[in-house]
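Trainee: I would like to learn how to read a model like this one. Please take me through it feature by feature.

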Amino acid sequence: MLVELKGYKYGFNKINTADASFSKDGKLIVTLSIDSTASIWDTLGNLVAELNSNQDFIINSAIFSSDSKLIVTASPDGTARIWNTFGKLIAELKGHKDSIVSASFSPDSKLIVTASNDGTARVWDISGKQIAELKGHQDELKNASFSPDSKLIVTASNDGTARVWDISGKQIVILSLSPPLSSPKVEADRLRDLKFSAPNCVQAFKPWQKALKIYQEISDNENKSVILEQLGNAYYCLSGYTKAIESYKNALEIAKKFNYLQRQVKNFANLGNVYNSLADYETATKYYNDALNILEQNQDAQLKAEVLQSRGNIYISQGKYNEAIQDLSQALAIGKNTSSVAKTKVNLANIYYSLGDYNKAIQYYKEAAEFIPSESIGGLGNVSLALGDTARAIELHSSSLAKAQQDEDKEAEGNALNNLANSLRQAGKLPEAEKYLRDAITIWENLRITLNDGNKISIFEKQARSYRLLQKVLIAQNKITEALEVSESGRARAFIDLLSKRLSPNQTEQLKVPALNTEQIKKVAKNENATIVQYSIITDEFKVDGKLGTQDSELYIWVIKPTGEIKFYPVDLNPLWQKQNTSLTDKVAQTRQSIVKGVNVAIRDGNNITFAPGDRVKLNDDDPDWEAWQVVSVDIKNSKITIRLPSWEAEKPAIESPMADVAKKIGINSFVANAKNLQLQELYQLLIQPIADLLPKEETARVIFIPQDALFLVPFPALQDPSGQYLIDKHTILTAPSIQVLESTHKLRRKILGSAKDILIVGNPTMPKVSKKPGEPPQQLGALPGSEKEALAIGSLWKTQALIGNQATKKAVLQKLSLAKIIHLATHGLLDDIRGLRSSIVFAPEGQDNGLLTAEDILNLYTPPQGSTLSAELVVLSACDTGQGRLTGDGVIGLSRSIIAAGVPSVIVSLWSIPDAPTAELMTEFYEKFRKNPDKAAALRQAMLTTKKKHSNPADWAAFTLIGESE
């Protein structure tokens, strides 16, 4: 014996597998004792340091790092600890939920792996930061160690397997001897019970699909439902939303057939989760409610908590915080599963963050961080940014991003990239912010590839913020054309994918259609021989009364001339909400209201006064010789009107007045030629005045507006300059959802040129009874004698027989569609501004057919590979509200989109409920001009100008817009 190491009261611990061990350089020794301490000695027997001298915890093992500078100890309290050789505690490695049975360094001394009885191993750096969690074993772990090159880890478990992982937590291989031969069901059950979680979900498919095949062969229906649900979970884990929906629906179908109630609840909830990720909140809520309805009769507290937590998350997305808090509080009270409780706390934290209660938000984020790390850390980053600590926000969002990337959670990664970029932007680090936003957009685009049209539309609503933010970052760097490219790539993407398939009907796989670059954008302007005006509404978060809210902050306007010149102009929108207590959306609504709608209001002693925007009124305190006020808007609910004096400058905001203060009305909302309309002028100031000098001087030169959001509802022809002149007086106007859609309609026009010859005209069908809103009793739609007169006059021009009355059935119309070059439908239009695809054109009922041709029906006129049954060059919907629908980042989801998607390059639709007689005159005039000159935009302009001479109110002539191609 060279030396005896003395100092322990009870002697060395004989239970541990390693009582004492040398450092790699042979200079030090670490020993363990049953008194829960560890000691460091030199080879001469001198005590260098004691670890845990206060005996606060038990130490199971102690191992030196390869460079002999550090020691890691493992304890039954689920914590590993890093020490230096002087006995100083460097870091605590917390996260395991059971005893740690081993802890060891990587050969390069940079990492540590811990193994635990909780069935997981974890990888840490020497600062104590967790790098990865290795999940998949089905029993306690016995050991974990690194490969000689420090790149791989092997774990051993009581489940009979060893597994090899990379240091990011990705499972490489399972080492397991084949089990003895047994029954097929035993084998299927074994495969079913294998666990796979992020980032190893892709490895689930082979064993679980094998299990599914066995269950199908032995007709084990309940387990078929179970394994289909698990496969859905794996697809969902990988952001494979379409296949996840398919798998969950198959599982649900079996559960319903055999009355497996718990499986029904789980799959209703699973489907709700997927549609929540797709931002289709209406569908998601329906599935959650279906699950809760079953749970009312079959109580399962934990399942109910999970469903309530998920539905609460939807309410947050919709800004319904009271409903969300109610669901989440109930979920928190009854939930026991730690992961589910953590999700609930994250959702509550999100609410308190939005409400400006940062202390509560921080509390809940921290409590959830162990179980939902990426979202919780990201939430803490958002709070730090709101408090002005950009450095801390950047640090936290970087950690959130690393965790999302480790788990290969693409949605979480995209969110983290967006949040990190926003923090970098506010820190003035614009090039870095740009890079991360481009990475986020790449993720969003890849997530959309395999989705159907409806899901592409819905999911884009929560992806659009990255496109807006990137535009801001690029403009701040004076990258004008690059910002235009991003603006273009962030609109009508699902629409463009649809059109791409129409143009390439033999396309067998789903491809990502690249967005246009600057040169291609210039080429579109040249091919259209038009000046293109593209609008992009930029939002930002502002704190108002201590609460965070999103407001319109800027309007970006690009003008692309047919010569290739591109100009940019930003418009500050902050004064709208800061000074006028309104928004761009409200401005558009007020403008439309000022020309199309009057309001009846009963006030004072039962006297009825009819108000409409544009009316002139006197207030009780006004002197007789004072100028009369003009009504800007009417708030029926709060019995208020907004008024201003016509002599005021356009920039001066209107004021509110109680309706009871109105003494009398001295002028109605009547229009004379070029009568000034303050709302039309104010919108002109915002949308046109900044770029007026860039628009063509020739009246016949085309201007194509590319609106966004509420701007799709703007009556561009009726906008007035300060002199009262309408925009249609000076320009020939078209619209389109995006520049790339214009490129596609141009190709459609060339593709169908001359393929059809007939003219299809429908007017005043025999009207059915319809329910205008779900749940309402059917009402008889009124006849449209003006539409009949219109159809007959147009039929006479084209020398064709119009379908009138009982002849105009949906079946008769559909039979004639494929041969029609021009389609004119003068009838009622029904608006669906909730989902859009239920917007419809009304035809005569026949048998069980109610006569409604919906936007969804029209969309389905195209069937690959046969193509579309539509070959028309022009469709005119001479009906009410046919240009409206659901406003989305993909444009207006409704009739116009469906018709173009079905293969028609040019569509004329209306933006409001149109008057019967003036519309008949306008349409007859349009075809008179169009027959002489096949320029649709020029013909529509001339028809508007002619109608305007007789009917001065823009409601009578400005409703129609041409979308797509002019020639």
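Trainee: Is helix α15 largely enclosed by the rest of the structure or largely open, and why?

Mentor: Start with the ground rules. This is a predicted model, in which local features need pLDDT of at least 70 and side-chain atom pairs count only at pLDDT 80 or more, while totals for chains, interfaces and linings use all residues. Residues are numbered from 1 along each chain as its sequence is written, and side-chain values use heavy atoms, with hydrogens and water left out. A residue is called buried under 20% relative accessible area, exposed over 50%, and partly exposed in between, using a 1.4 Å probe and protein chains only. In α15, 18 of the 24 residues are buried, so the helix is largely enclosed by the rest of the structure.

Trainee: What span does α15 reach from its first C-alpha to its last?

Mentor: Helices here are DSSP runs of H or I with at least four residues, strands are E runs of at least two, and both are numbered from the N terminus. The expected span of a helix is 1.5 Å times one less than its number of residues. Helix α15 covers residues 453–476 and reaches 34 Å, close to the 34 Å expected.

Trainee: Where does α15 bend?

Mentor: A bend at a residue is the angle between two fitted axes, one for the seven residues ending there and one for the seven starting there. For α15 the bend is about 50°, at K462.

Trainee: Which residue caps the N-terminal end of α15, and what follows the helix?

Mentor: N452 is the cap, with a side-chain oxygen 3.3 Å from the backbone nitrogen of G454. After the helix comes N478, with a positive phi near 65°.

Trainee: How many residues of α3 are buried?

Mentor: Helix α3 is mostly covered, with 14 of its 17 residues buried. It runs over residues 221–237, and its end C-alpha atoms are 24 Å apart, in agreement with the 24 Å it should span.

Trainee: How many salt bridges does the count come to?

Mentor: Side chains of opposite charge can pair when their charged atoms come close. The rule asks for a side-chain nitrogen of Lys or Arg within 4 Å of a carboxyl oxygen of Asp or Glu. The count comes to 38 salt bridges. One of them joins R392 and E395, at 2.9 Å from N to O. These two are three residues apart in helix α12 (residues 390–406), so about one helical turn separates them. R392 is partly exposed at 36% relative accessibility, and E395 is partly exposed at 45%.

Trainee: How many residues apart are K435 and D439?

Mentor: They are four residues apart in helix α14 (residues 430–448), about one turn of the helix. K435 has a relative accessible area of 47% and is partly exposed; D439, at 30%, is partly exposed.

Trainee: Which residue forms a salt bridge with R702?

Mentor: The partner is E967, with the closest N and O atoms 2.5 Å apart. This pair links distant parts of the chain, 265 residues apart: R702 sits in strand β27 (residues 702–706), and E967 in the segment after β43 (960–964). R702 is buried, with a relative accessible area of 11%. Elsewhere, salt bridges that share partners join K185, D189, R192, D193 and D220 into one network.

Trainee: Which residues does E485 contact, leaving aside its neighbours within four places in sequence?

Mentor: Contact means heavy atoms within 4.5 Å. On that basis E485, which lies in helix α16 (residues 480–489), is in contact with L516, N517 and T518. E485 is partly exposed at 24% relative accessibility.

Trainee: Where is S23 found, and is S23 buried or exposed?

Mentor: S23 is in the loop between β1 (20–22) and β2 (28–32). At 3% relative accessibility, S23 is buried. Not counting residues up to four places away in sequence, S23 touches L28, F64 and S68.

Trainee: How many helices and strands are in the chain?

Mentor: The chain has 30 helices and 43 strands. Of its 967 residues, 57% count as buried.

Terms used
A polar contact is a pair of N or O atoms within 3.5 Å; within protein, one must be able to donate a hydrogen and the other to accept it, and residues adjacent in sequence count only if both atoms are side-chain atoms.
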